Amino acid sequence: MRDMKRVLILGTGPASLQLAVILKKGFRCHLGIAGRESIRSAEFFESLAGSGQRVRVSIQNEKHHAMEGECRMDDIFRGFETIEGQWDTLILAVTTDAYMEAMRQIDQDVLRKVSSLVLISPTFGSNSLVSGFIGQLNPGAEVISFSTYIGDTRWVDDQVSNHVITTGVKKKVYIGSTRHHSDLVHRLCALYKQLDIELEVMRTPLEAEARNISLYVHPALFMNDFSLNAIFDESGSRKYVYKLFPEGPITQDLIRNMLSQWKEMMNILDRLGMRRINLLKFMTEDNYPVRNESLSRRDIDSFEHLESIHQEYLLYIRYASLLIDPFSQPDPDGRYFDFSAVPIRSMFINLEGCLDIPRMPKEDYYRIKIIQGIAGFLKVECPTIDRFISAYESKIVSVALAHKDRSLSGAFAVQSFGEDLAMICKDITHS
C-alpha cells in the first residue's frame, strides 16, 4: 500500500514538528516539510539548517513520553511553490483558513500523484473544500479529516526554532475519510493507540469535523464585548479566556449564548442526517474532566433532555469547576493550579510590521463564517451565530477606521469566503 512511505508536512508551526517526530517513529517514512515564505518561517528554516535538519520535541508531563524525541527531516521546501517530487501523503498542518492558499501554490503535477491528504485541525466543511479542489486534478485521492490536533504544542521559550514542547495531550480524537474502508485510517488508529490516544472512526469526514470543541465554545468566549475589548483595546489590565467576570468573559449571558449556538449547530447536524453531540458530555469526557462532586454522571448523560435553564446551570458549573485544575495537587496554602489563567491575547504588530489579530479569534471568524454559510445553504436559522459574526465584524471595522494611519493585516477586512463556501456546499449537495 502506497500511503505513508513518502510523507510531506505542510506548515512550519509547533504542531508540524510534533507530527514529524510521531510519523518518523511510527512509519519510518521519508519525511519532508514545507512552509510559505515569511519572516517567521525564515527563523524556523534557519534553525533547521543549523541543526542538520533535525527537529526536537520535549514534554512537560512524563506520562506523555511517547510524544518526545527527535528526527531528521529528509527534504525541506521554502515556499509551497518549490515542492517537487512524488509524495504519497500530504499532511495539512497549516491553519484552517489557509488550506486553499497552500494548495493553490503547490505544483499541479505534485498534486496529481498524491494518494492521500490528511487534515490535522480542520473546521466544519474543510474536507469538502479540499476534496472539491483535489478532485479536479486527482479524483482518486483520499482525503482524511481529524476532529482536531492531538494536544497543546508550543515553541520552547516562545522562540521559533527547531525545538518545541508538548504540554498537553487529548485522550480522544475523531477521524473520518472519503473512503468507507480506509487502510490508512486503520494505520493511523494503530499509531494513535501507541500514543495512548483513542481514535474513533466516524461515518463521514464532516462528522469528525463536527467534533472540534472550538466550534462550540470559541465564538461565545471571544465574540462578545468583553473579549473584543480585551483583544482590540491597547490599554487595560490583562483578562483571561476561561475566567468568570470580571477577570474573564464568562457570565450567565455568555453561557446562554454558548448553549444557543450549540442548539443551532445541532439543527444543522439534524438537517444533514448526522449524529447529535451531547455538549456537556463532550466537554467533560473528550476534553477536560471535572470531579464527580461537581457534575454528576446523571446530569452529564441526561444533558440533552433537560430544560434550557438547567442546561445553562450545568454549563456554568462546568466552567466554575475548571477555574482551577481539580485534579492537581494543592500547595501548602491549599491553592490548586490556576487552570483558567489563559490570557486573552491582544492585537499585535506581526513580523511583517502590520497590526494583526491573534489566531484566536481570527481563525474562529473563518470557522463560524463557514458554518453561517452552510446554515444559509441548508435554510437553517442561526440567530446566535449571526450575532457573534455581527459583533466581530463591527469591531474589526471600527478598529480599522481608528487605525487608518497604520499598516493593517488582511485580517481586518470583512470577508465572505464565498469561493470556499460554494465548493463546500456543492460537495454537501452531492453527498
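**View 1. Strand 11 and helix 11 at the second largest cavity.** Strand 11 (172-177) and helix 11 (279-287) each supply at least two residues to the lining of the second largest cavity. Helices (H or I, at least four residues) and strands (E, at least two) are DSSP runs, numbered from the N terminus. This is a predicted model, in which local features need pLDDT of at least 70 and side-chain atom pairs count only at pLDDT 80 or more, while totals for chains, interfaces and linings use all residues. Residues are numbered from 1 along each chain as its sequence is written, and side-chain values use heavy atoms, with hydrogens and water left out. The second largest cavity has a volume of about 50 Å³. Among its lining residues are Lys-172, Val-173, Tyr-174, Phe-282, Asp-286 and Asn-287. By class, this lining splits into four nonpolar, four polar and four charged residues. Here Ala, Val, Leu, Ile, Met, Phe, Trp, Tyr, Cys and Pro count as nonpolar, Asp, Glu, Lys and Arg as charged, and the others, Gly among them, as polar.

View 2. A cavity is a set of points on a 1 Å grid over the protein atoms alone where a 1.4 Å probe fits but cannot get out, and lining residues have an atom within 4 Å of a point. Grid points are joined across faces, edges and corners, and a volume is the space filled by probe spheres set on the points. Lining residues of the largest cavity include Met-4, Leu-19, Ile-22, Phe-146, Leu-188 and Tyr-192. Helix 1 (14-27) and helix 6 (183-194) are the elements that give two or more residues to this lining. Its class count is eleven nonpolar, no polar and no charged residues.

View 3. Two strands pair if DSSP finds at least two bridges between them. Look for Leu-10 opposite Leu-92 in strand 6.

View 4. Strand 3 (residues 54-59) runs antiparallel to strand 4, with four bridges joining the two. Val-57 stands opposite Gly-69 in strand 4, and Arg-54 has Arg-72 as its bridge partner there. Strand 3 also pairs with strand 10 (residues 163-169), in the parallel sense and over four bridges; here Arg-56 stands opposite His-163.

**View 5. Cysteines without a disulfide.** With a disulfide taken as a pair of cysteine sulfur atoms within 2.5 Å, the count comes to zero. The sulfur of Cys-189 is too far for a bond, because the closest cysteine sulfur, in Cys-29, is 17 Å away. For Cys-382, the closest cysteine sulfur is in Cys-425 at 13 Å, also too far for a bond. Cys-382 counts as buried, at 5% relative accessibility, where buried means under 20% relative accessible area (1.4 Å probe, protein chains only).

Key: Buried means under 20% relative accessible area, exposed over 50%, partly exposed in between (1.4 Å probe, protein chains only). On a 1 Å grid over the protein atoms alone, a cavity is a set of points where a 1.4 Å probe fits but cannot get out, and a pocket is an open set with protein on both sides within 12 Å along at least five of seven lines; lining residues have an atom within 4 Å of a point.
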